[in-house]
Amino acid sequence: MDAITLWQRYQDWLYYHEEIGLYLDISRIRFDQAFLEAMKPKFDGAFRDMEALEGGAIANPDEQRMVGHYWLRNPELAPTPQIKQQIIDTVNKIETFVAKVHKGEIKPPQAEKFTDLLSIGIGGSALGPQFVADALAPDYPLINIHFIDNSDPDGIDRILQRLGDRLKSTLILVISKSGGTPEPRNGMMEVKQALLKQNLHFPDQAIATTQIGSKLYQEATSQGWLETFPMEDWIGGRTSEMSAVGLLPAALQGIDIHALLQGAQTMDIATRQPDIKTNPAALLALCWYAVGGGRGQKDMVILPYKDRLILLSRYLQQLVMESLGKEKDLDGNIVNQGISVYGNKGSTDQHAYVQQLRDGVPNFFATFIEVLRDRQGPSSEIEPGVTAGDYLSGFLQGTREALYDNQRDSITVTITEVNPYTVGALVALYERAVSLYASLVNINAYHQPGVEAGKKAAAQVLELQHQSLQALRSHSQGISISDLATKIDAQEQVETLYKILRHLAANDRGVELSGDPSKPGQLIAKWR
Ligand SMILES: O=P(O)(O)OC[C@H]1O[C@H](O)[C@H](O)[C@@H](O)[C@@H]1O
């Protein structure tokens, strides 16, 4: 296409939302009118699905659950008065609690006020709060947030070391919808022990966000933690940013949660329109379908040209991949759906992997996130007539053009500035696009059966560890790994057994491995 035709295509397809100050440019996705016409019936179905979902239908058939994240920013839409009241009550509870913490009315026993917040959670119970904190926390927040989002002892140590003496003025927030996920449980146990070492009483500094009745809920209420906040059955982890999961840590840091909710609500209104061209989420879903043939054949590379949006790609990775990455469709056919998501930020990534995007394997489409306002306040010039922000803007435009010239498609989402309102809108935009796309390809976006396989396998590894340790302890001499496997009737898991022993040996856990490490089959294990 020549420049004039492209400019016309840009104008024909440009979506603009005045109140949010958001532009969506899909002109550099190559689809034609015939494709659009062919997609219309599918979209009619997707719009109907969305209406049913928002009306309280069981949109997650496997788990027999409603899907209600859209109600969180407009409780009026909730399907029952009870759900509406739950949503309102939770926001009120958050605000009351946060105000008391900020004033020092709720305080740690050994300090005047809480200075830090340690958020312990994983997946949907971490990625939204991490993204929002990095994008929106003030430079000097009322409370500094830290995250433990893994079962990595060294990672936990780093956080605890940084907190040091301030552990006594740290509010500990354990987030887990199910209340039984091992990683946050492990993080919590480690933090409990660290508090104990400083003679601090964990319940006096702890709060939880979890489903009422969960293991975590029972622990928090029976041990007298400071407070608990509910997570409802109809909120999925990856769509929980506007529930207590996201709102509580945001409010504690001094982020305007009402603006966050308002931005999402405004975007929800825009993305509820049952018309592709005037609905930005439908336009995104249309593009994803067009580039990947409705089969996820192209990866989604997220390139925000703004440092404070660097965690957007990680956040979207879970939202998109856990929602769309499914083996079966809703009719039980094997479809192996999904769209891979990755990215960091521009222009930084131009000096890393953009080389491949431009010249290498064309298995992706880019999504540029552009922020018009460079910074708060004026910019000085770094050369006559040019600011650093002009460079950033030029790099974005240049990369978009260079990619397109080489038949690499891209979407550009432009916002005026990064603030709670626009971040709320972005979250809602992608939530709806994922929902719509899931309908287009006929999959359940709200369950994650595949995640269970890894969890079960990990539990089996730990069981094998117990058995092998017992056997080793009762065996006074050294024993080869295959003999040990035979002894505990785990011949099939001999490789896993070797890895367990190697890990234990590396951590002074009583296991000694002797022999040549490059010949694992000949190693002798011994209890010492
Ligand atoms: O909040 P939790 O129940 O602890 O779950 C945390 C995360 O872990 C699970 O494995 C799921 O795959 C995620 O969707 C979820 O967000």
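**Close-up views of a predicted model**

**View 1. Helices α3 and α8 cross in a right-handed manner.** A crossing is right-handed if the near helix is turned clockwise from the far one by less than a right angle, and left-handed if anticlockwise. Helices here are DSSP runs of H or I with at least four residues, strands are E runs of at least two, and both are numbered from the N terminus. This is a predicted model, in which local features need pLDDT of at least 70 and side-chain atom pairs count only at pLDDT 80 or more, while totals for chains, interfaces and linings use all residues. Residues are numbered from 1 along each chain as its sequence is written, and side-chain values use heavy atoms, with hydrogens and water left out.

The axes of α3 (residues 81-103) and α8 (residues 244-253) come within 9 Å and cross at roughly 25 degrees. Axes are lines fitted to C-alpha atoms, for helices over the stretch in contact, and angles run from 0 to 180 degrees between N-to-C directions. The two helices, α3 and α8, are therefore roughly parallel (under 35 degrees; over 145 is roughly antiparallel, 65 to 115 roughly perpendicular, the rest oblique). α3 contributes T90, V91, I94, F97, V98, V101 and H102 to the contact, and α8 contributes A244, L247, L248, A251 and L252 (contact: heavy atoms within 4.5 Å). By class, this contact of α3 with α8 has 10 nonpolar, two polar and no charged residues. Nonpolar covers Ala, Val, Leu, Ile, Met, Phe, Trp, Tyr, Cys and Pro; charged covers Asp, Glu, Lys and Arg; the others, Gly among them, are polar.

**View 2. Helices α10 and α14 meet at roughly 50 degrees.** The axes of α10 (residues 280-292) and α14 (residues 420-440) come within 8 Å. That makes α10 oblique to α14. The crossing of α10 and α14 is right-handed. Residues in contact include W288 and Y289 of α10, and Y430, R432 and Y437 of α14. By class, the contact of α10 with α14 has 14 nonpolar, no polar and one charged residues.

**View 3. The ligand is surrounded by 15 residues.** The closest are S125, S176, S178, T181 and E322 (a heavy atom within 4 Å). A ligand oxygen atom is 2.6 Å from a side-chain N or O atom of S176. For E322, the corresponding value is 2.6 Å. For Q318, it is 3.5 Å.

**View 4. The peptide bond from G346 to S347 is cis.** Its omega is near 0 degrees. S347 is found in the loop between β9 (341-342) and α12 (354-359).

Methods: Polar contact = N/O pair within 3.5 Å; in protein donor to acceptor, adjacent residues only side chain to side chain.
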